[in-house]
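Subject: Structure for your files

Hello,

Here is the structure you were waiting for, with my notes below it. Please open it alongside the text.

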Amino acid sequence: MVVEILNEIRKLNERELLSYWIRGEYEEAETYLKLAERAKELGLPKEVYETFERLGKESKGHGDELYKIYRERYGEELVDVNIPSVEGTHVLGKFWKVEDLEDVLLNAMEAEKLAEAIYRKLAEETESEELKKVYLYLADIERGHHSALKALYEWRKKKGLL
């Protein structure tokens, strides 16, 4: 499915592509913020919910940055793009008990790695130097998200909590 999504993304023009990633970043932000709430409800240590909160706030910031570029070029209204989100981790519904955290972290790490790879590929393919810089910056941020999740995963694993 990932290959199909990437092929569909490649067909998008710049405006559609920006719209797609803006929505993806906002969706990711919402997911992480809901994961943080759920972690609190489950009584997980603050390192867990603070990591999710930080990633949620960063993702919202990325969406805001992309939206600023979009508004400068195309105005306020985003175009509809009917391609599934790459960054939507689709793990929130699985996070019902503490034991689910390992699965949530593994899926979120995979989503971050995928987002980084796609951002790097888009940076290679765009002719816009401004967008290339943005995509490379966002790829680095996604790598940082993956690293934060991995550190949390490894810390919990070491403590015997996963």
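Which residues does Thr-51 touch, not counting residues up to four places away in sequence? They are Ala-148 and Leu-152. Thr-51 itself sits in helix H3. Its relative accessibility is 13%, so Thr-51 counts as buried, the limit being under 20%. Please keep in mind throughout that this is a predicted model.

The chain as a whole

The chain has five helices and zero strands. Read from the N terminus, the order of elements is α-α-α-α-α. Along the principal axes, the C-alpha atoms occupy a box of roughly 50 × 25 × 25 Å. The radius of gyration is 16 Å, which agrees with the value near 15 Å that a compact globule of 162 residues would have. Of those 162 residues, 44% count as buried. As for contacts between residues at least 6 apart in sequence, 77% of them join residues at least 24 apart.

How the helices pack

Two packed helices are described by the angle between their axes and the distance between the axes.

Helix H2 covers residues 14-41 and helix H3 covers residues 46-74; their axes lie 8 Å apart at an angle of about 160 degrees. Angles over 145 degrees count as roughly antiparallel, and H2 and H3 are therefore roughly antiparallel to each other. Their crossing is left-handed. The residues of this contact comprise 19 nonpolar, five polar and 10 charged.

Helix H4 (residues 101-125) and helix H5 (residues 129-158) have axes that come within 8 Å and cross at roughly 160 degrees. That makes H4 roughly antiparallel to H5. The crossing of H4 and H5 is left-handed. In the contact of H4 with H5 there are 16 nonpolar residues, two polar ones and 12 charged ones.

What is the angle at which H2 and H5 pack? It is about 20 degrees, and the axes of H2 and H5 are 14 Å apart. Angles under 35 degrees count as roughly parallel, and H2 and H5 are therefore roughly parallel to each other. The crossing of H2 and H5 is left-handed. On the H2 side, the contact is made by Glu-14, Leu-17, Leu-18, Trp-21, Glu-25, Glu-28 and Tyr-32. On the H5 side, Leu-131, Tyr-135, Glu-142, His-145 and Leu-149 take part. By class, the contact of H2 with H5 has seven nonpolar residues, one polar and four charged.

His-62 is another residue of helix H3. Is His-62 buried or exposed? With a relative accessibility of 3%, His-62 counts as buried. Leaving aside neighbours within four places in sequence, His-62 is in contact with Glu-25, Leu-138, Ile-141, Glu-142 and His-145. Among these partners, Glu-25 of H2 and Glu-142 and His-145 of H5 also belong to the contact between H2 and H5.

Ile-5 lies in helix H1, which spans residues 2-10. At 10% relative accessibility, Ile-5 counts as buried. Beyond residues up to four places away in sequence, Ile-5 touches Tyr-20, Ile-83, Pro-84 and Val-86. Ile-5 and Glu-77 are 72 residues apart in sequence, and their C-alpha atoms are 23 Å apart in space.

Val-79 is found in the loop between H3 and H4. Which residues is Val-79 in contact with, leaving aside its neighbours within four places in sequence? They are Arg-15, Glu-16, Ser-19, Arg-23 and Tyr-70. One of these, Ser-19, is 60 residues away from Val-79 along the chain, yet the C-alpha atoms of the two are separated by 6.0 Å.

In short

H2 and H3 are roughly antiparallel, as are H4 and H5, whereas H2 and H5 are roughly parallel.

Regards

Note on methods. Residues are numbered from 1 along each chain as its sequence is written. This is a predicted model: local features need pLDDT of at least 70, side-chain atom pairs count only at pLDDT 80 or more; totals for chains, interfaces and linings use all residues. Side-chain values use heavy atoms; hydrogens and water are left out. Axes are lines fitted to C-alpha atoms, for helices over the stretch in contact, and angles run from 0 to 180 degrees between N-to-C directions. Helices (H or I, at least four residues) and strands (E, at least two) are DSSP runs, numbered from the N terminus. Angles under 35 degrees count as roughly parallel, over 145 as roughly antiparallel, 65 to 115 as roughly perpendicular and the rest as oblique. A crossing is left-handed if the near helix is turned anticlockwise from the far one by less than a right angle, and right-handed if clockwise. Ala, Val, Leu, Ile, Met, Phe, Trp, Tyr, Cys and Pro count as nonpolar, Asp, Glu, Lys and Arg as charged, and the others, Gly among them, as polar. Buried means under 20% relative accessible area, exposed over 50%, partly exposed in between (1.4 Å probe, protein chains only). Contact means heavy atoms within 4.5 Å. The radius of gyration is taken over C-alpha atoms; the globule rule is 2.2 Å times the number of residues to the power 0.38.
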